[in-house]
Amino acid sequence: VQLQASGGGLVQPGGSLTLSCAVSGSIFSIHGMGWYRQAPGEARELVAAVASGGSPKYADSVKGRFTISRDNAKKTVTLQMNSLKPEDTGVYYCNAEIMNWAMYQQDYWGKGTLVTVSS
């Protein structure tokens, strides 16, 4: 099982970026999917997450600016980021809670994609 993230890059303040993450491999189901970020010198923090059939939840710092969505059929999760601020800079990691065919659930992480918000 692998998570492949894409979409990071350099953007000016006020700009937008879309991050995408795809799950590959043979799995039984995916429970939660989400995005975390880690700024230089800081701990990794939750940005947004959505459980299967659940409502999205967001960090207070991104509410109203970021939107998370998932496509269960395609096993993807997307983070639309608008009105980006310099403090949104960091490495963004996608996460998925995956159950395998042995009915064992564990967390998987993508390798991370760098988002830099700077003029």
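Predicted model: local features only at pLDDT ≥ 70, side-chain atom pairs only at ≥ 80, totals over all residues.
Residues are numbered from 1 along each chain as its sequence is written, and side-chain values use heavy atoms, with hydrogens and water left out.

**Entry 1: the pair.** I found that β7 and β8 pair in the antiparallel sense, over six bridges. Two strands pair if DSSP finds at least two bridges between them. Strands are DSSP runs of E with at least two residues, and helices are runs of H or I with at least four, numbered from the N terminus.

**Entry 2: the faces of β7.** In a regular strand the side chains alternate between the two faces of the sheet. I checked this along β7: Phe66, Ile68 and Arg70 point to one face and are buried. Buried means under 20% relative accessible area, exposed means over 50%, and partly exposed is in between (1.4 Å probe, protein chains only).

**Entry 3: two positive phi values.** Most residues other than glycine have a negative phi. I noted Lys75, whose phi is positive, near 60°. Lys75 is in the loop between β7 (66-71) and β8 (76-81), and this hairpin has four residues between the strands. Lys75 counts as partly exposed because its relative accessibility is 24%. I also noted Ser83, with a positive phi near 50°. Ser83 lies in the loop between β8 and β9 (90-99). Its relative accessible area is 40%, so Ser83 is partly exposed.

**Entry 4: the whole chain.** I counted zero helices and eleven strands in the chain. The C-alpha atoms fill a box of roughly 50 × 25 × 25 Å along the principal axes. For 119 residues, a compact globule would have a radius of gyration near 14 Å, and the chain agrees because it has 14 Å. That radius is taken over C-alpha atoms, and the globule rule is 2.2 Å times the number of residues to the power 0.38. Of the 119 residues, 34% count as buried.

**Entry 5: contacts.** I looked up contacts (heavy atoms within 4.5 Å). Among those between residues at least 6 apart in sequence, 54% join residues at least 24 apart.
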